[in-house]
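Hi,

Here is the structure I promised to pass on. Have a look at it first, and then read on for what turned up.

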Amino acid sequence: MQQHTAVYDVIPRPAVVNRWEMRRNRRQVHWLIECIAEATGTFLYTFAGAGATATYVLGNILELPGLGSVLQIGIAYAVGIALALAVCFPTSYGQFNPAITIHAVIFHKLPVPKALRYIIFQIFGSFIACLVVYVQYKQLIDTAIEALKAAGKYDALMFTSSGPGGIFGLYVNPGSNLGYVLVNEFVCDFVLGLVIFACTEPGNPISTPTTMPWLISLAYGLVVWGYAPIGLAANSARDLGGRFAALALFGKGASGGNYAALSALTNIPATLLAGVFYEVILNDSTRTIHPEWERFLSARHAELQRKEQGPLAPSFNSSDPSVEKITDKA
């Protein structure tokens, strides 16, 4: 039998906070809290990645050497993913990606209305992050745009991965063959999905709740470092949120043309295929749940019981672990 001590048993909180928590944990309200957590997660990794992209793009246009690099962008996205999971995973199980949410609907019975809310808020979080980054870099962005116009390069570069529009929206280089870009996107998204499903499997003896965020973030870093120059979105929320922001800031020229559909949609079938491949080929339900996952799932069960019973309920609950995938759990 495992015992789980509630935080309120050891860390007293102000009465006003306790009252708010009681209201927040009600079913009628908690769905919104989970959605805000999803938006916060996509905000964090988009804020990290777009900020690093801004230094790289603007440094090149304004000829400021050493201001950024693809290595820095990959590290920023990786750290952003890890921080998003650390901050928001306890609240919403950190999906942060419409493809993962759709996978949860198909394979783990996540209610469709809840999934739609998650996806909307995921995109919204990315959109807000891009607007915040724009405000922070506005002076340098305006200077870079003027420099491009003065050099006669505005039309050629503005809405490419090398232009100011590329800080927020995702674009491919002029003349790129979209067939090769599609292959690059699909393979990278398949690899990402495979790592995510493997690292969130309670029977995996290598990945634990502690190491999981860093393993997933390394996978994101890997695809950015190696394959972003070809054209990579990897997440519909990041892509659509950034593209909507670019459209709001710079007008219809930021639409992305034919690449827009490819970047927004390819990761969904790739991720679903990765989920099927992992379940059919690599996963095995006869494995023993890792002790850290068992403690985590048991503690989560106790938390849900306390929320149902109210804050004055007993703090110690018996173990009732679940083997349901945590990233897909409603």
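This is a predicted model: local features need pLDDT of at least 70, side-chain atom pairs count only at pLDDT 80 or more; totals for chains, interfaces and linings use all residues.

Let's start with a charge and a ring: Arg-243 has its charged end over the ring of Tyr-171, 5.3 Å from the ring's centre.

Lys-149 lies over the face of Tyr-154, with 5.3 Å to the ring centre.

How many aromatic pairs does the structure hold? The count is eleven. Take Trp-293 and Phe-296: their ring centres are 5.9 Å apart and their planes are at 85°, and planes over 60 degrees apart count as edge-to-face, so that is what this pair is. Both residues belong to helix α13 (residues 291-309), where they are three residues apart, or about one turn of the helix. Are the two partners buried or exposed? Trp-293 has a relative accessibility of 0%, so it counts as buried, the cut-off being under 20%. Phe-296 comes out at 23%, so it counts as partly exposed.

The structure holds two cavities of 30 Å³ or more.

The largest cavity has about 120 Å³ of space. Its lining is made up of 13 residues, and the ones nearest the centre are Gly-94, Gln-95, Phe-96, Ile-196 and Ile-216. Helices α4 (70-92) and α9 each give at least two residues to that lining. Sorted by class, the lining of the largest cavity has eight nonpolar and five polar residues, with no charged ones.

The second largest cavity has a volume of about 50 Å³. Among the residues lining it are Asn-97, Asp-189, Tyr-220, Asn-267 and Thr-271. Which element gives the largest share of the lining of the second largest cavity? That is α8, with four residues, and α12 (267-282) supplies at least two. By class, this lining has five nonpolar, four polar and one charged residues.

Next, an open space. The second largest pocket has a volume of about 740 Å³. Two or more residues of its lining come from each of α3 (27-61), α4, α6 (112-150) and α9, and α3 gives the largest share, with six residues. In total 34 residues line the second largest pocket, and Thr-53, Ile-73, Ser-161, Gly-166 and Ala-228 lie nearest its centre. The class count for this pocket is 22 nonpolar, nine polar and three charged residues.

You'll find Thr-200 in the loop between α8 (178-199) and α9 (212-227). Thr-200 counts as buried because its relative accessible area is 0%. What lies 3.5 Å from a polar atom of its side chain? The backbone oxygen of Phe-197 does.

Happy to go through any of this on screen with you.

Cheers

Key
Residues are numbered from 1 along each chain as its sequence is written. Side-chain values use heavy atoms; hydrogens and water are left out. Buried means under 20% relative accessible area, exposed over 50%, partly exposed in between (1.4 Å probe, protein chains only). A polar contact is a pair of N or O atoms within 3.5 Å; within protein, one must be able to donate a hydrogen and the other to accept it, and residues adjacent in sequence count only if both atoms are side-chain atoms. On a 1 Å grid over the protein atoms alone, a cavity is a set of points where a 1.4 Å probe fits but cannot get out, and a pocket is an open set with protein on both sides within 12 Å along at least five of seven lines; lining residues have an atom within 4 Å of a point. Grid points are joined across faces, edges and corners, and a volume is the space filled by probe spheres set on the points. Ala, Val, Leu, Ile, Met, Phe, Trp, Tyr, Cys and Pro count as nonpolar, Asp, Glu, Lys and Arg as charged, and the others, Gly among them, as polar. Rings of Phe, Tyr and Trp (its six-membered ring) pair if their centres lie within 6.5 Å; planes under 30 degrees apart count as stacked, over 60 as edge-to-face and the rest as tilted. A charge sits over a ring if NZ of Lys or CZ of Arg is within 6 Å of the ring centre and within 35 degrees of the ring normal.
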